[in-house]
Amino acid sequence: MKKQILTMFTGLFIGAIITGGASAYAAGILAERSNHRIFVDGQEVQMEAYGIAGHNYVKLRDIGKAVGFNVFWDVDSGCVQIETDAPYTGEAPAAESVPPAAAPSDLAAVKQDIVERTNALRAERSIAALAADDQLMRAAQVRADEMAATGTYSHTRPDGRKYYTVTDCGQVGENIHQIPLLYLAQQKAALAETLVYSWSKSAGHMENMTDKSYAAIGVGLARGTDANGLECWYCVQLFLRSGYSISAVDKPATK
């Protein structure tokens, strides 16, 4: 894109917006309407300007229109914002929706993808695949839900109990992760792929995913906010040792 340059026959100083007739007062300062010519890329443009103490003042929105960038009032920040890579509209840009990769709607499919990626890691090491267990799936979802509801990102449950108390069996292992939606959107990355890759780069998490003594797996996913107030996914893997079963799943714990 060709760079646009705005020039005046005298020095241009962009500042306060002043309105009125041929002259006006603002905070005790005399402003006279300026007759200096204004050019954009060598072409003269019509733009209202005022001279104050030897400087020319023009409206920022007028410059945006002439040069080609957006100027708008941002309600949230309570100030004027500038978008240099967007054409002038005078309106705030529409809020961007979260990309589907960062906020998938079919969580059942994402959970299955996580199971399959975990089993792929096991297959690479000639370890038997984990079976997706309905009770363990329920328990993992309870863990994800209670973390998302309370912001308690920990292997200790919100009420102080250990993670395995979410079931009636103590032979359970757990992996957890907290992934901001903003990170997924910026990286244009899918949740399942990012999650399993992150776990695989951690010795402890990888050990759980490739532990030969585990026979079943459960996955839980829930949206919440992290300690910084960013939207994130709370992600849980639960593993059950071979020869054991689960007959009861607890309800989500609260603080």
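1. I52 is buried, at a relative accessible area of 9%. Buried here means under 20% relative accessible area, exposed means over 50%, and partly exposed lies in between (1.4 Å probe, protein chains only). I52 belongs to strand 6, residues 49-52. Strands are DSSP runs of E with at least two residues, and helices are runs of H or I with at least four, numbered from the N terminus. A31 is 21 residues away from I52 along the chain, yet their C-alpha atoms are separated by 5.0 Å.

2. A word on the basis. This is a predicted model, where local features need pLDDT of at least 70 and side-chain atom pairs count only at pLDDT 80 or more, while totals for chains, interfaces and linings use all residues. Residues are numbered from 1 along each chain as its sequence is written, and side-chain values use heavy atoms, with hydrogens and water left out.

3. Four strands make an open sheet with mixed pairing, in the order 10-12-13-11. Strand 10 and strand 11 are the edge strands, each pairing on one side only. Two strands count as paired if DSSP finds at least two bridges between them. Strands of a sheet pair through backbone hydrogen bonds, either parallel or antiparallel.

4. Neighbours of strand 13. Strand 11 and strand 13 run antiparallel and are joined by nine bridges. Within this pairing, I179 stands opposite W233 of strand 13. Strand 12 (residues 214-225) is also antiparallel to strand 13, with eleven bridges. There, L221 has C235 as its bridge partner in strand 13.

5. Cover and turn. Strand 13 is mostly covered, with nine of its eleven residues buried. Strand 12 and strand 13 form a hairpin with five residues between them. In that turn, G229 has a positive phi of about 85°.

6. S242 lies in the segment after strand 13. S242 counts as exposed because its relative accessibility is 52%. S242 and Y214 are 28 residues apart in sequence, but 5.5 Å apart in space, C-alpha to C-alpha.

7. Aromatic pairs. The whole structure holds three of them. One is Y153 with Y234, edge-to-face, at 6.3 Å centre to centre and 65° between the planes. This pair links distant parts of the chain, 81 residues apart: Y153 is in the loop between helix 3 (134-150) and strand 11 (172-180), and Y234 is in strand 13 (residues 231-241). The criterion: rings of Phe, Tyr and Trp (its six-membered ring) pair if their centres lie within 6.5 Å; planes under 30 degrees apart count as stacked, over 60 as edge-to-face and the rest as tilted. The partners sit in unlike surroundings. Y153 is partly exposed, at 35% relative accessible area. Y234 counts as buried, at 0% relative accessibility.

8. Another pair is Y163 with Y164. Their ring centres are 5.5 Å apart and their planes are at 80°, so this pair is edge-to-face. Y163 is buried at a relative accessible area of 19%. Y164 counts as partly exposed at 35%.

9. A charge over a ring. The charged end of R223 sits over the ring of W233, 5.9 Å from its centre. The test asks for NZ of Lys or CZ of Arg within 6 Å of the ring centre and within 35 degrees of the ring normal.

10. Backbone points to check. Most residues other than glycine have a negative phi, and most peptide bonds are trans. D41 has a positive phi, near 50°, and is not a glycine. D41 is in the loop between strand 4 (38-40) and strand 5 (43-45), and is partly exposed at 30% relative accessible area. S126, also not a glycine, has a positive phi of about 60°. S126 lies in the loop between helix 2 (107-124) and strand 10 (131-132). S126 counts as exposed at 71% relative accessibility.

11. A surface patch. W73, V80 and I82 make a nonpolar surface patch of about 310 Å². Patches are made of residues with over 30% relative accessible area and no salt bridge; like charges are joined within 9 Å, nonpolar side chains (Val, Leu, Ile, Met, Phe, Trp, Tyr) within 5 Å. A salt bridge is a side-chain nitrogen of Lys or Arg within 4 Å of a carboxyl oxygen of Asp or Glu. Accessible areas come from the Shrake-Rupley method with a 1.4 Å probe; for residues, only the protein chains shown count as cover. W73 is in strand 8 (residues 70-74) and is exposed, with a relative accessible area of 52%.
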